[in-house]
Amino acid sequence: MINAYIILSLMTAILLILAYRQKKHVEGLKEAKKLFLNVLPMLICAFVIVGFINLLIPRELLQGWLGPEAGWKGLVIGPAVGALVQGGPFAFLPLFDAVFRDTASVGTAVAMISAWGMINVGHLPYEFTFLGPRFVALKYCMYITIPSLAGLIANLLFG
Amino acid sequence: MATVALILIIVAFLQGGLGLVGKGFLLGGQKLLEVMPLIIIGFILAGLVSISIPKRFVSKWLGREAGWKGPFLGSLVGAMVPGGPFFFYPLMATLTLAGANVGTMISFVAAKTLWNFARIPLEIAFVGTELTLIRFIITFPIPILAGTAVDFFMPGIADKIREDIRKLQKKNSLLKSGEEID
């Protein structure tokens with residue numbers, strides 16, 4: 001956690017200085033505020049879910065589904081969970097930290113995070129509206145198995 | 001998300017009454033407070049990144065036929081472009097109409113979700129350095145490989161998808177003007 005504070009603060013400081021030199025720092029902070037207010041309801045929802053999952057679902061059960069003993073099943077359940085979680089990185093990553101970080105095996109975690117990004121069901125309405133059915137078919141044909149494969153490789157190499 | 005939260009709250013109420021519900025909120029609130037400073041820094045970072053990459057630059061790089069370089073450029077720009085799906089899918093439509101190949105866009109969308117430079121520090125914070133590194137290394141080749149494969153095996157699909165996008169834009173603008181009349 002300390003590492004993250006240092007890295008994030010450093011990056012923010014550098015960008016803030018760059019923006020200040022272009023006189024765009026106020027615009028950037030306003031943009032940040034807008035983003036934050038947009039995501040806030042999702043964020044609150046995500047943390048309500050974090051609280052209740054910790055309370056209601058026993059750790060052993062999650063471990064059985066997603067941990068090393070789940071084997072190949074983890075590589076299917078993990079991505080399925082990832083693809084369903086909504087709310088962008090500010091909701092997903094803390095949720096992962098609080099619920100899945102200690103329970104999922106390396107491969108399942110890799111598969112879950114990849115699936116959350118690549119084949120997130122929340123993107124479908126946007127994809128259909130702006131790019132059309134052919135693009136959606138192409139993208140999902142190519143990418144639907146990738147998270148599980150990435151997880152499998154992670155388990156073989158680092159598990 | 002709200003539905004899931006509500007279901008969990010109801011289950012908690014049925015299992016342990018109001019006491020358990022209160023406990024759940026307390027636990028969630030505690031977690032939120034723990035990571036709040038990090039989240040706020042994350043948002044400031046996201047806001048600054050989003051103003052530092054001008055849109056003109058993106059369309060200059062990607063809005064044209066780029067040949068075999070397309071997937072590389074697409075991945076690189078995809079990894080740098082900030083914003084959520086409500087921003088980058090319309091951008092992809094615009095770029096495709098402007099002449100970008102479909103392989104470039106397939107690379108773009110994969111890199112946007114797999115490489116995403118602005119997300120890496122946040123991922124390190126919540127997922128851990130080791131796991132982030134493992135995930136990044138394993139998924140690194142995917143954007144470029146996928147885009148190159150599309151351009152190589154399905155060169156004809158670009159025109160069909162452009163046709164789709166044109167139809168959709170017509171439909172969307174009709175819907176919009178309809179709303180304005182109402």
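Here are a few friendly notes on how the parts of this predicted model meet.

1. Let's start with the two chains. On the chain A side, 72 residues are in contact with 77 residues of chain B. Together the chains bury about 6,900 Å², and carbon and sulfur atoms give 84% of that area.

2. Eight residue pairs are in polar contact across the interface, both residues having pLDDT 80 or more.

3. Which helix of chain A gives the most to the side that touches chain B? That is helix 2, with 22 residues. Other helices of chain A that each supply at least two residues include helix 1 (2–21) and helix 9 (146–158). By class, this side of chain A has 53 nonpolar, eleven polar and eight charged residues.

4. Within chain A, there are domain 1 (1–56) and domain 2 (59–159), with centres 23 Å apart over C-alpha atoms. Nine residues of domain 1 are in contact with nine residues of domain 2. The two domains bury about 700 Å² between them, 80% of it on carbon and sulfur atoms. Met42(A), Val50(A) and Ile53(A) supply 44% of the area that domain 1 buries against domain 2.

5. Last, the polar side of that domain interface in chain A. The rule finds zero salt bridges there, and one residue pair in polar contact. The domain 1 residues that touch domain 2 divide into eight nonpolar, one polar and no charged.

Terms used. Residues are numbered from 1 along each chain as its sequence is written. Chains are lettered from A and ligands numbered from 1 in the order in which they are written. This is a predicted model: local features need pLDDT of at least 70, side-chain atom pairs count only at pLDDT 80 or more; totals for chains, interfaces and linings use all residues. Side-chain values use heavy atoms; hydrogens and water are left out. Contact means heavy atoms within 4.5 Å. Buried area is the accessible area (1.4 Å probe) that two parts lose on being put together, summed over both. A polar contact is a pair of N or O atoms within 3.5 Å; within protein, one must be able to donate a hydrogen and the other to accept it, and residues adjacent in sequence count only if both atoms are side-chain atoms. Helices (H or I, at least four residues) and strands (E, at least two) are DSSP runs, numbered from the N terminus. Ala, Val, Leu, Ile, Met, Phe, Trp, Tyr, Cys and Pro count as nonpolar, Asp, Glu, Lys and Arg as charged, and the others, Gly among them, as polar. Domain bounds come from an automatic or database domain assignment. A salt bridge is a side-chain nitrogen of Lys or Arg within 4 Å of a carboxyl oxygen of Asp or Glu.
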